[in-house]
Amino acid sequence: MPLSLMSAPAIAQDPTPPPPTIPAPTTPPSAPATPTGKALAQAKKDNRRIEIESLRSERATYYANPDGKILRMEQYLEPVRVKNAGGDGFTPVDTTLVEADGIIKPKAAEGGLTLSAGGNTEAIKSKTGDIAAQIDAPRTLPKPTLNGSTATYPGFTLRTYTHLMPSSEDRMRKAIDGAWGSAADPGMCPERGVR
């Protein structure tokens, strides 16, 4: 018997799928363009700590460590710097007394501390925020002699220290009481009190 060939209908086939797309390797994201990110990168590159100046405050300094990952904060109990006159940066605390505009004041210190330049009874004034204090002498003060952070009036001496820059009325009173209490001239010792 003759064999007959049977033909079957063609079966449609899907085209061969394309090979899966593999994304091109990407570079890791770079450190953010912030002062902290820049300081961390610089610290790692230089293998030394770098100060992050934009985080600086009166009582704290921030550093990026040489590993490029860790930040270090150094905080101080007393101010080590104060805002400069323009308000756009800092200057180190300097309690050296200078006379200007009829008053004596520290070159650079926290608070508005002023001493008498002589010719009045307003020995010491201070204003910090909403807190104001004044100590009066019992009589007109003579012109003092200035030497560094010391003002010497005949009969007593006042010295300025960073820890005496008053941040409260009570702190100022304690500082001034100590100065008045050591006066050589008892007539210069005023009644205690701050107004």
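Colleague: In which sense do strand β8 and strand β9 pair, and over how many bridges?

Modeller: Strands of a sheet pair through backbone hydrogen bonds, either parallel or antiparallel. Here β8 (residues 114–116) and β9 (residues 122–128) pair in the antiparallel sense, over two bridges. Strands are DSSP runs of E, at least two residues long, numbered from the N terminus, and two strands pair if DSSP finds at least two bridges between them. Keep in mind that this is a predicted model, where local features need pLDDT of at least 70, side-chain atom pairs count only at pLDDT 80 or more, and totals for chains, interfaces and linings use all residues. Residues are numbered from 1 along each chain as its sequence is written, and side-chain values use heavy atoms, with hydrogens and water left out.

Colleague: Which residues of β9 stand opposite T114 and L115?

Modeller: T114 faces K125, and L115 stands opposite I124. I124 also has a bridge partner in β10, namely I135. β9 and β10 pair in the antiparallel sense over six bridges.

Colleague: What is the strand order of the open sheet?

Modeller: The order is β6-β7-β8-β9-β10, with antiparallel pairing. β6 (94–100) and β10 (131–136) stand at the edges with a single partner strand each, so one side of each lacks a neighbour in the sheet.

Colleague: Where does a charged end sit over a ring?

Modeller: That call needs NZ of Lys or CZ of Arg within 6 Å of the ring centre and within 35 degrees of the ring normal. In this model, the charged end of R49 sits over the ring of Y63, 3.7 Å from its centre.

Definitions and conventions. Helices (H or I, at least four residues) and strands (E, at least two) are DSSP runs, numbered from the N terminus.
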